[in-house]
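Visitor: Please pick a single part and take me through it closely. Keep it brisk, and give me the cut-offs.

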Amino acid sequence: MDAIPTSKRRQALERALLGEDNAAKAGSDSKLLADYLGGHEKARSHRRTGGLSFCPKNGSATAAASESNTANNLVEMEFILSLEPSVRVLHSYYLADALGLDSSMIYEELKRASLSSMGDLGSYTSDTILNEIDRLNKANNDEGLTLDQVESIVQSHLPASLVDRQHLCLLHQYTLNKSPGRSIRGTTEVYDRPHVSTFYRSKFPSSASNNNALATPQQQVVEPNYKVPPASLTFTGYAAKFINLSLKPLNLYWEGGRIPSGPRAGEMHTVLVGTIPSMESIGTSSFPGHTFYVTPTYDKDHNLKRWTITEDEPILYYDPLADLSAEGQLKEMAKLTREGKWTEKQRFGREAWMVDRSFGRDYLVKTGRVWLANFPLPYLNVNGDNASLGREGGALAPAANGAGTMQDGHRMHMWEAGYIGQTHTLDTPNLYYTALPETLERLTKEDFLPKLEEQRRLEMRQFQSSSLKGKKTDNSNDTLPLTLKVLSCAPRVLEAKKFLSSVEVQHLIDLASGAKGDVVMEHSTVSASNVNGSSKKVRGSKADARSSTGGWIHREQDTIVDTIFRRIADLLNIDEHLMRDQARDSGVEEGGREPLPTHDRIVEAMQLLRYGPGEEYSAHHDFTYPSIENRYQPKRYATILLYLTGEGDVVENGIRQSTSSSKNTNNDLQHDLALKGGETMFPRAITTDYHDGVKVEPQSGKAILFYNVLPDGNMDDLSQHSGGKVEKGVKYIANVWVWDPIVN
């Protein structure tokens, strides 16, 4: 995009926001506005408020929406929020969506733009649009305004093309409910988890065989004649979230009891979980009875608040004003504002958390689950429905379709997991490497230009095959069939056997063992589940839960790694271009392809891990907790695990061999070198039989896909998983984390 003079950008911003309608210029003005505010024009279409509805619905619209989401188990939920502060907070969210700002705190964005002529629009305490609505409503004896009157006011400040009808309905409700204690009503879609009895096709008698005799198993709607309760679980862990409503950052500590012996005997064993910024959150895995406390960052001995965790209350707030009445809190907030100790951002943050907490209560009542995400959050489009960033019909979507918008929020594909044993098949053009090229060089940006990329991939076909046996083919359109099998419905876990060839497995082990490349393996750490957008690494007792060594491999490492990333994209049923860096400065990537609507690639580097005897990774979650102000609410939505060694495999001098293989001629392989243990456990998986959840045995070349979020966008607490202790031998594994809608 050509540089735009600052004066013109300022004028565009003023025209868009300060009352000059300029409908004819709305399109160009909004583009200038997004560029001026540093936004990524393609990401403007992502709407944090896309899943909310405040307008009355007619019967046909409701029925159509219900029918379209039946397969996804998304149901409509009504939520009720207090008029104050909900309208001001949601009003800011809608404005941020309309203007394509990176932050939901619109006044902070405009303040950073340093526009002295902006007046008070964007000021949290004196919002122009709300003030004008209040003035007109007061002149009307507070009897409310019509929707047309509200629309006229909003369009005097925003181009018509940027006005959202649900935003207008929210403000319309505001004019009709000005009495103290009144509320607003909205609806959104939430995930209604099916009963465990539906997770089995032949175990329980159902009406499906009678009503749908001619339907395929995947088309049948199974309604068990009776419901069997889920097996009680021996594992009692869950996610805990801590929110700091004070004006200063706080340190969160885990308290593990007194040290029984040694030089520190009698002292309290404590571990720093992380630092919680003001008006932000942090999360970690916990168990009933665990104790946490917060202190100022400058004085770890000053205990401000202590909690003993229970499953009924896993979300904890540190609020220094909690002991005051509602009126007392308002007075204290006013005092802090006069004294200059309370910023607009902090006040917004506090009230945003109040709205989030209120929504969470309704969500818990409706679903029986804790709301771990931040409200509002668009639900996902799953099972391929409207998955405009994915693939359609088992084949890669055309480039034009792949560069779709995120108008309604998230558009990532999620495979259906209706019952255990359900399968999905797909074909990928990214064939196995069954022979190793003589030279493997690091890929550059130029290597991904269309012509060079096509040439490189054609040259590599001589080393590839659709068969693990390395059978060659002259068919340039040859594809590799993959099958995904559902191992668990809650959480949603699927496996793909024979995902990697033995050549690819050995290549990754070579990289992990230092035999190739520049991968550095270091002692693994754990993070405090994303502290305000950063991953704070912590060591100590809780970090000791992970005792492996690990290193990172980027997609550009070489052409084999690039092919594995492409195959992972196919397994996820998304466009592999989402896993590339997107053009920022120019409107179109070199080669003519439109950038996808993400700031950057949505995938992290591949993490290679090595577990020796006695090493393990205790139960944890992969999802993260984004900042309350982040308009995109990014999170790790999916995890891919690649098993490089399996039960009975031996890695000696960096070479993997299987003791059960008929090709194994090394009679000197010691039995105590063969891998035993190291399985992946999902200890909270819901079944009717297994009290320990679902166990996945390591098998060389196998891939596991599981989702860290639910179809409604909330984190899936059941996705908690662990890496079992390695009893003998060495376990090699790789994992890839994929984000939605952008990488944080």
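**A strand and its partners**

Guide: Strand β21 (residues 635-643) pairs with strand β30 (residues 731-740) in the antiparallel sense, over eight bridges. Pairing here requires at least two DSSP bridges between the strands. This is a predicted model: local features need pLDDT of at least 70 and side-chain atom pairs 80 or more, while totals for chains, interfaces and linings use all residues. Numbering starts from 1 along each chain as its sequence is written, and side-chain values use heavy atoms, leaving out hydrogens and water.

Start at K635. Its opposite number in β30 is D740. β21 has another antiparallel partner, strand β27 (residues 703-707), joined to it by five bridges. There, L641 has I704 as its bridge partner. Strands are DSSP E runs of at least two residues, helices H or I runs of at least four, both numbered from the N terminus.

Now look at cover. Nine of the nine residues of β21 are buried, meaning under 20% relative accessible area with a 1.4 Å probe, protein chains only. In a regular strand, side chains alternate between the two faces of the sheet.

For context, turn to the cores. A nonpolar core is a set of buried Ala, Val, Leu, Ile, Met, Phe, Trp, Tyr and Cys residues joined through side-chain atoms within 4.5 Å. The largest has 65 residues, and F54, L90 and F375 have the most contacts inside it. Helix α4 (residues 83-99) gives the largest share, 10 residues. A second, separate core holds 62 residues, among them M412, Y432, I568 and V603.

Conventions:
Buried means under 20% relative accessible area, exposed over 50%, partly exposed in between (1.4 Å probe, protein chains only).
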